[in-house]
Amino acid sequence: MSVDQKGSVCDFLSAASTWIPESLNESAWLEHAPFAFWLIETHEPRVLIELGTHLGYSFFSFCQAIVQLKLSTRAYAVDTWKGDEHAGFYDEEVFQAVSKHNAERYSGFAQLVRSTFDDALPYFEDGSVDLLHIDGRHFYEDVKHDFDLWLPKLSDRGIVLLHDTNVRERSFGVFRWWTDLSHSYPHFQFFHGWGLGVLAVGKKLPRRLRALFETENDREQANKVRHIYARLGASLGERLGNQRLKGELAFKEVEASALKGQVSALEAQLRESSAALAARTAEHSGVKAELADVQQKAAHDRRGLEELLDDRAQLLSEAGISLENRNQRIGQLEAQLDDRAHRLSEADAALEDRGRRIRELEALLDDRTRQLSETDAALEEHGRRIRKLEALLDDRTRRLSEADAALEDRGERIGKLEARLNDVLHQVVSRTAQLDDAMGALAKEKANAVQVSGELQRRLNEAEKLRHAISTSTAWRATGPIRAALSRLSTGQKRQVRRMAKAAYWMATPWNTPKRIRYLRERALRNSRSPSIANIHPHPFGEPALRNLSRLTPLPERERPRPEDIRQSLINSRLFDPGTYLELHEDLRGAGADPWEHFLKYGFWEGRRFTTPEIVAQALAHFHRETHAALEAASQILKTEPDEDACADCATLLASQRVRIGIYCSSQGNFFMQEIANLIQWQLVALKIDAHLRTEQSAFDEAFDIRLFVAPHEFFWLGGGEQWRTLAGAPGTVLYNVEQVHTPWFCRAFPFLLEAPLILDINFQSTLLLRQMGLNALHYMPPYLSKCPYTVSQPDVSGVDLVRGYEFSRARFDWKSHRGLTDRPIDILFVGTDSERRRIAIERLRELTDRYRFICIYTHQHAPLTNANYQTTSPEINCALAQRSKIVLNIHRSWLGYFEWSRMVMQGFWQGACVVSDPSLPNPIFKPNNHFLEENIRHLPELLHWLLGTSDGRMKIEHIAEAGQSRARSRAARTAMLLPMLSSLRASVGLGEKVT
C-alpha cells in the first residue's frame, strides 16, 4: 500500500494532539501525552485499564482526554502504590496524592484499584477491555507474564500500550518482549520518551488506527509521525523547564528580598549604637579621660561600621547587577515563550481547521459512499425483484388463462349439475313429504291397532309400495349419474354441493330455523371468547383438513426450505453475520469461502453454528419494542381473571374427538429433556387427552394425530433419530425447542425448526426471534402440576450418595408440613454444568462455605447426562434436595442470561425455595425482586450473607419464596401457559382457531 493510499501525516494528528496536560509534572511518560490524547480521541475505548500508575501522569492524561471529548469510557488504574526495583519504592503519601487528585477531578468514571495485577484479574470480564496500558515491573519475565495474563480480557477492539520499549539498561526487558510481540501483531513504536509501543490485538479498529499500524512498513512516513510527536512531547518538556526556571527566579527574588532585609537590620543597629553613644556621652560628661576614651572608641567603632556599610553597599551593588541580569534573562525567556506560544496557538488553529476540514470531507465521502452502496444495492434488488415479478407474472398469466378455460368448462358442467340437482331435490322433498304424511297416518292408526290391525297392515303395505316406488322411480335412477359425478368431485367442490343441499333442506324444514340460529350464535361466541396477547401467525401449510389427516400413511414428503427463504428469515431476525460465521469456522477462512453461499448450501444442513451471544444480544436490542409490547400484553392478561373455561373447552374437544398425541424424546439424550417430556404427557393425561411417551426406537408407522418432538437438537441427531427427520415438516408435527439461540445445539435444530408447522419454545426471547423469521412459534413453560413426581414431597434422601454423610440425610423430612424455610437443613443449593463464568462465580462464593451449608452439584458434561453415565444428579434428586434448601442459586453459563426454567421454576418455585439468580432476560410470568432475587455476580456473596446471616435477610427470603411459589401455582400462570398451547394443538388438527 502506497503512502498516498494510506493518507497524509495529518491523519495521525488532531487538535487533541496539542492539548497541554493539566497534571504537568516530572514523569518518564511526560512526552507521550500528545499521542495519548490523539489515541483516546481516535479509539474511543469503552473500558481502559492501566497496570502501573505511580504518580498518575499517564492515567490522568487519559482521563483528561475522556473528559474533554465527553466520552462514556470507564477507566481503572491498578497499582499497589508501593514501588518496585525500577520505579523505586515510596511511602503512603504518593497514593494519598493520586487518590486526592482522582477524587477531585475524575471520580465519576475513573477508579483506583489498589491491588497486584494478578489479584485484579478476576474483577474484569473476558473480552471487555478496549485499551490496556502495561507499565509495571520492567523485567522480561514480568512484562511477558502481565501481557499473557491480561490478553484474554482484551476485546475485538483491543489496543495494548507498552512503555520503556527503548530502554536498554538496569535489566530492563521490555524491548526484548516488544521484539517478540512485533512478529505476531500489527504495531507501531515511538522511540522518544524512553520508547512507547502500540500493539493491535483486536481486529475491529478505526480506520485511522489501522493506517497508523500500516505506516510501520513505510519508514519515511513512520519517521514523520515519530518526529512530530517527539517535537510535541519535547515542547511539554520545555514548558515544564520554563515552569521550573520561573520557580528558580521567584526563589532568587525571595533571597534578594531577604538580603535587603538584612541591610535594613544593620542600619537599624547602627542607629541604635549612635543613640547609645550619645546617651553615654551625656552621662559621663564630667569625666574627660573617660570621655576621650569613649570618643576614641566611638571613632574606632564608627570607622568599623563605615567599613561594614561600605562592604554591604558593595554587596548590594553586586546583587543589583546580578538581579538586573536575571531580569534581562527572564525578559528574554518570556519573549521567547510568548513567541513560541503564539506560534503554537497558530499551529493549533491551523491543525484544528485542517482536522475539521478533513473530518468534514471524510464524513461527506463516507456518506456519499454509503448512499452509492445503498443505491447500487437498491437498484440490484429492484432489478432482481422486477425480473422475478416478470417471470411470476408470465407464469401467473399462463396459469390464469388455463384456469379461466377450465373454470368456464367446469362452470357449464356445474350449472347443468345444479339444475339437475335442484330437480332431484324438489322430487326428494315432495316424496319425503308424502312419506311423512304416510308415517303420520300410520302413527294415528297404530293407537287403534287392536281394532284396525287389518287396516294398519294395508296401510303399511301401501307405505312399503311407496318407498319401493321412490327407490325404483325414474327420478331416483336419473340421479344416479349425479351421485357418481359428485363422488368424483374434489373436497372443496363436495363441500360446496353439501352446502347447497343443506340450504335446500333448511328451506324445506323452516320450523327448525330458530334452533339453528341459536346454535350458530353459541358456536361463534365460544370461538371468540379467549383474548389474544400477540399476533396469530398463519399455519405454514395452510389450514389443515379435519382430524385424522396425520394418520394417513404414508405421510407427505417434507419440502426442503429454499435458500432464499432461509436467507430472508435470518435477515429478518438479524441472527446471521457473515464475518462471524467465518470466525467461528477456521476451515472456511482458510478456503476463502463466501459465508452466505457456504451456509445456505452446506452449513445450514450440517447444523453448523452461525451466531454468538453478542449477535443475539444485538438482535434482542433491535426488537426491544416488540419484546416490551409482548411483555406488557402478557402482564395485562395475568392481571385479569384466568379464562379456565376456554382452557377446559380446548381440552374437552381434544379428548372428545379422541385426538391421539405422541410425545417423542431421545432415549440417548439428557434426562433433563425427559423431565420436560414427562411433564407434557402427565399434563395432557390429567386433562383426559390421549397422550403417550415415545422414543426414536418406537414404531415409525404408529398412528398419531399430533407428534410432539422434545429437544429436536438431540432427537434428530442421536441414535436412530435420523430416520424421523422426514416428519419435521409433516402436518401435525410440533417441535419443542429448549435450547438458547446462541448455542451450537440450537444451530443443529434450526433446519428442522424452519420446516415445523408449529414450534413450542421454553424461552420467551427465543420465541420472539423465531417469530421474526415468520415461524409459527409459541412460548410454553410446563405449568405446575400437583401430585406428580417432581412436586410431591420426597421425605427420604438416604439413598442420595451426595448427602449420605450428612446427619439430615438420615432423617425423614416433609417440607409441606414445615411452615417457612427455617427448618430446611441446606442453606444454598446449586445444580449446573461446568463453564468458565460459573467457575469464577463459585470461586467468589468459597468463603460462604465456612459459615453456611452450600451443596454444589457441578457436572463436567462432555456427553448427554443420562442415568447410565451419571448417578449424582437427576430430576428427582435435584427436587428432593431443593425441598430441603432455603436458597436455590442460579448462575448463567454465559453473560447473556436466559430465564432458566428447570433451575428457577421446577427446582426453585415448585419446591418452595427462595430463588437467587444473576440478572436474567425478562420473563412474562416471573418478575425479579417480586418472585425471585437478582444480583450481579460480583455482589452475590454479600447478598447471600445478608439473606442468611441477618434477621431482615431471613424475612426477605421467606417473603420471596412464598411469592414465587404462589405465582408458579396460580391459576393465572397455569392458564397463561396451557391455553395457547392447547388451542394451537386444537388448530393443528383442524378443530378450531388457536390462541397465542
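1. Contact here means heavy atoms within 4.5 Å. Leaving aside neighbours within four places in sequence, Lys886 is in contact with Leu821, Thr822, Arg824, Ile826, Asp827, Ala913, Cys914, Leu948 and Ile957.

2. This is a predicted model, in which local features need pLDDT of at least 70, side-chain atom pairs count only at pLDDT 80 or more, and totals for chains, interfaces and linings use all residues. Residues are numbered from 1 along each chain as its sequence is written, and side-chain values use heavy atoms, with hydrogens and water left out.

3. The average pLDDT (the predictor's confidence in each residue, from 0 to 100) is 80 for the protein. A score of at least 70 is reached by 73% of the residues. Over residues 524-558 the pLDDT is below 50. That stretch has 71 contacts in the model beyond near neighbours in sequence. Where pLDDT is low, the predicted coordinates should not be read in detail.

4. Back to Lys886. Is Lys886 buried or exposed? Lys886 is buried (under 20% relative accessible area, against over 50% for exposed and partly exposed in between; 1.4 Å probe, protein chains only), at 14%. The side chains of Lys886 and Asp827 are joined by a polar contact of 3.1 Å. Such a contact is a pair of N or O atoms within 3.5 Å; within protein, one must be able to donate a hydrogen and the other to accept it, and residues adjacent in sequence count only if both atoms are side-chain atoms.

5. Pro825 is 61 residues from Lys886 in sequence. In space, C-alpha to C-alpha, the two are 7.9 Å apart.
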